[in-house]
Structure formats: structure tokens, C-alpha cells
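Here's a quick briefing for anyone opening this structure for the first time. Have a look at the sequence and the 3D view, then read on.

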Amino acid sequence: MPKNDKKKLIDFTTPVGTAKYPHLNNPDTAFDAEGKYKSEILLSPADAKGLMDLINSSAKEAFGDAEFRVPFQKDEETGQVSFKAQSKYKPKFFDASGQVVPPASVPRIGGGSQLKLMGYLNVYTITKANVGVSLVLQNVQIVEATTMTNGASSAFAAVEGGGFIVDLEEVTADVDNFDF
């Protein structure tokens, strides 16, 4: 009798949380030439509990008492729980009302944006000692987009009488002509 190797997909949707290190407009190619669309999302322990329970129960069902990896960790300083979700495919975007956002209208999504992430659990086995659960990202609901990252664009107010002002057009031209 043929064995059915199809996995049952387990869907997830996070509550609204705060984006951390999002790469949603363009893939992150730092460690993978093809790139991955990804984001961490920070949730309060109360908001995180349901997803943590789903991940842990799925892993225990697949691996029993064996040690397994999970896509979340608790920040001991803040108490928040950070979940990592990623995909090699660009997610679909939705606005706060649940309407699809056309690709040309997707805002730049920076750290601090308020998002909901949706996708499915990937229960994986790489080797007998390397098993776990990851979150595969499919959809992003943008509740509030923050384009500023690390506060860099508002770190200082203008100084009256200051002399140095960067000419961004000149900087862009220099970068375009830079000889590597």
C-alpha cells in the first residue's frame, strides 16, 4: 500500500505585534544569494502563548520527547516573545481593514511597524539530531507602517546656523560612480 507523504499544513496567524528586523519589501540576501523575505515579530507573553502552545504541541507530536528547535525566544530584559517567520517567496500584503494591497502600493516596512503575520508551521527533520518547527511566512497585514529604522532619520533636530548640509543627489551620484 503506498504511503501518503503529504504533510498536513498547520496554519498560524499572529496577533498584532511589533516588527523587528523586517525584510518584507525586499529579500535579505546577507546569508543566502536567493534571499529570504522575513521578519521577527514581538508579542507580549499573553499574546504569544497560543502560538507557542501550537508550535510546542506540533513538535511534541512529531518528535516526542526529543529536543527540537523552535522559532521563538523570550527576551529576558523586556519579557516579550520574538517569533521569526520567513519565506523565499514575497508575501501578500493586506491593509488594516483586510483589503489586499497592490504591490506598487506597499509602503516601506521598517522596524517598529505594527503587523500581523500569517502562514503555516513547517515541522522539519534535517538529521536525527536537528529537528524542529519553523514559521513559513505567506501574508502580512500592515496595521501601522513605520518607515524609520533605528531612529536614524530623527536622531537630531536641525541646528540653527549649522554649516554642513549633505547634498543627497551628489551622494547618490558618487555611489553610482564608485569603483569597486
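**Strand β5 and its neighbours**

Strands β4 and β5 pair in the antiparallel sense, with three bridges between them. Two strands count as paired if DSSP finds at least two bridges between them, and the strands themselves (E, at least two residues) are DSSP runs numbered from the N terminus. Keep in mind that this is a predicted model: local features need pLDDT of at least 70, side-chain atom pairs count only at pLDDT 80 or more, and totals for chains, interfaces and linings use all residues. Residues are numbered from 1 along each chain as its sequence is written, and side-chain values use heavy atoms, with hydrogens and water left out.

**How β5 pairs up**

- Ser-39 stands across from Ala-85 in β5.
- With strand β8 (residues 130-144), β5 pairs in the parallel sense over two bridges.
- Gln-86 has Val-136 in β8 as its bridge partner.
- β5 is mostly covered, with five of its seven residues buried; buried means under 20% relative accessible area, exposed over 50% and partly exposed in between (1.4 Å probe, protein chains only).

**The aromatic pair**

- How many aromatic pairs are there? The count comes to one, going by rings of Phe, Tyr and Trp (its six-membered ring) with centres within 6.5 Å.
- The ring centres of Phe-72 and Phe-83 are 5.5 Å apart and the planes are at 50°, so this pair is tilted; planes under 30 degrees apart would be stacked, over 60 edge-to-face, and the rest are tilted.
- Phe-72 belongs to strand β4 (residues 72-74) and Phe-83 to strand β5 (residues 81-87), so the pair ties together parts 11 residues apart in sequence.
- Phe-72 and Phe-83 are both buried.

**A look at Ser-113**

- Ser-113 is in the loop between β6 (92-94) and β7 (114-127).
- Is Ser-113 buried or exposed? Its relative accessibility is 0%, so Ser-113 counts as buried.
- Its side chain reaches the backbone oxygen of Gly-110 at 2.8 Å.
- Leaving out residues up to four places away in sequence, Ser-113 touches Gly-17, Thr-18, Ala-19, Glu-144, Ala-145 and Thr-146, where contact means heavy atoms within 4.5 Å.

Conventions:
Helix = DSSP H or I, 4+ residues; strand = E, 2+ residues; numbered from the N terminus. Polar contact = N/O pair within 3.5 Å; in protein donor to acceptor, adjacent residues only side chain to side chain.
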